[in-house]
Amino acid sequence: MDILIWKEHLAHLPLGDIHIYPEVNSTNLVAEEKIKEGALPFSLVVANSQTEGKGRLGRTWITRVGKALALSWILYPEPGRLQPETLGMLSGLAPVAVAEVLREKYSLEAEIKWPNDVLVKGKKAAGVLVDVRWNGCEVTDVVVGIGVNVARDSVPPLEELNFPAISLEEAAGKEISRLTLLVQIMDSLLKWYSRLVEPSFIQEWNSMLAFKGQQVKLTTERGLAGQGKVAGISDDGSLILISEAGQETEYHSGEIQLRLVDRS
Ligand code: BT5
């Protein structure tokens, strides 16, 4: 990874500061430090490897040296733009941006496993971790962390996975440049962030939603939170499930995990 070349390729995008490191503990943690130091809006932190990459709910995200993308994007939503009830949109932002790039630029049938995983061929190719800080009811800053498995050997061994995983190179059957992919993802993130509260965003999310019409169950650390057929994403980014009795229920993201129900 030639840091100067990477910075050059990102320079035309309307981002804030660009920080690129050979190795960090977690790009989300570095981004939080940068916020404390007064980082500009839309600043970006990228790393060639992470020693303590963070997943959701305290889990670990593995980033093999030079094989994957690990990035964190800093947002300061303008006051009033994101209310607690529209926060669900934020968890869809990165999956929509990444899945769109994979479909349009790499002809991969990317799907979004609600709330924020990107699947290719039914396996996880990218994970997203959104860290949000609040002051009362206002969101003060947001770190959107994205990890993408790019090279074939970016995927961790099976025993380290809680869901089947895949790399983009394996799925596409060709080599993929991490730098080109990063520029494409940032471009798509900028576009969708500007449309976050427009109907086209939810439409796009819905059009790429995985498991539509299939039975799934939602679990939290406390156990089963819901079960039903996937109907779609609601206007605020919640998942709509339909029960066997035909009743619709909306679920907000937060601590929820989604799994397909095995009916075999
Ligand atoms: C996620 O969590 O999928 C969110 C991952 C976000 C990672 C990015 S990288 C840049 C930024 N900086 C960070 O520190 N984090 C973000 P979750 O849904 O909780 O999935 C985590 C689980 O996925 C782990 O417990 C493993 O089972 C599995 N896993 C770990 N590394 C993986 C990988 N490279 N590919 C697929 N699955 C993985």
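Asp117 and Lys113 form a salt bridge in this predicted model, with their closest N and O atoms 3.1 Å apart. Both Asp117 and Lys113 are buried. A network of salt bridges links Lys113, Asp117 and Lys124.

**Other salt bridges**
- The count of salt bridges comes to 8.
- Arg133 pairs with Asp141 in a salt bridge whose closest N and O atoms are 2.9 Å apart.
- Arg133 is partly exposed, at a relative accessible area of 42%, whereas Asp141 is buried, at 7%.
- Asp153 and Lys67 meet through their side chains in a salt bridge of 3.5 Å, N to O.
- Asp153 lies in the loop between S7 and helix H4 (168-172) and Lys67 in the loop between S2 and S3, so this pair ties together parts 86 residues apart in sequence.
- Asp153 is partly exposed, at 41% relative accessibility, and Lys67 is partly exposed, at 28%.

**The sheet**
- Seven strands form an open sheet with mixed pairing, in the order S1-S2-S3-S7-S6-S5-S4.
- Strand S1 (18-21) and strand S4 (111-113) are the edge strands, each pairing on one side only.
- On average, neighbouring strands of the sheet are turned by 20° against each other, direction ignored.
- Strand S6 (residues 123-135) and strand S7 (residues 138-149) run antiparallel and are joined by 10 bridges.

**Helices across the sheet**
- Helix H2 (residues 27-36) lies across S1, S2, S3, S6 and S7, and runs at about 25° to S3.
- Helix H3 (residues 88-106) lies across S3, S4, S5, S6 and S7, and runs at about 150° to S6.

Key:
Residues numbered from 1 in each chain as written. Predicted model: local features only at pLDDT ≥ 70, side-chain atom pairs only at ≥ 80, totals over all residues. Heavy atoms only, no water. Pairing = 2+ DSSP bridges. Helix = DSSP H or I, 4+ residues; strand = E, 2+ residues; numbered from the N terminus. Axes fitted to C-alpha atoms, helices over the stretch in contact; angles between N-to-C directions. Contact = heavy atoms within 4.5 Å. Salt bridge = Lys/Arg side-chain N within 4 Å of Asp/Glu carboxyl O. Buried < 20%, exposed > 50% of the residue type's maximum accessible area, 1.4 Å probe, protein only.
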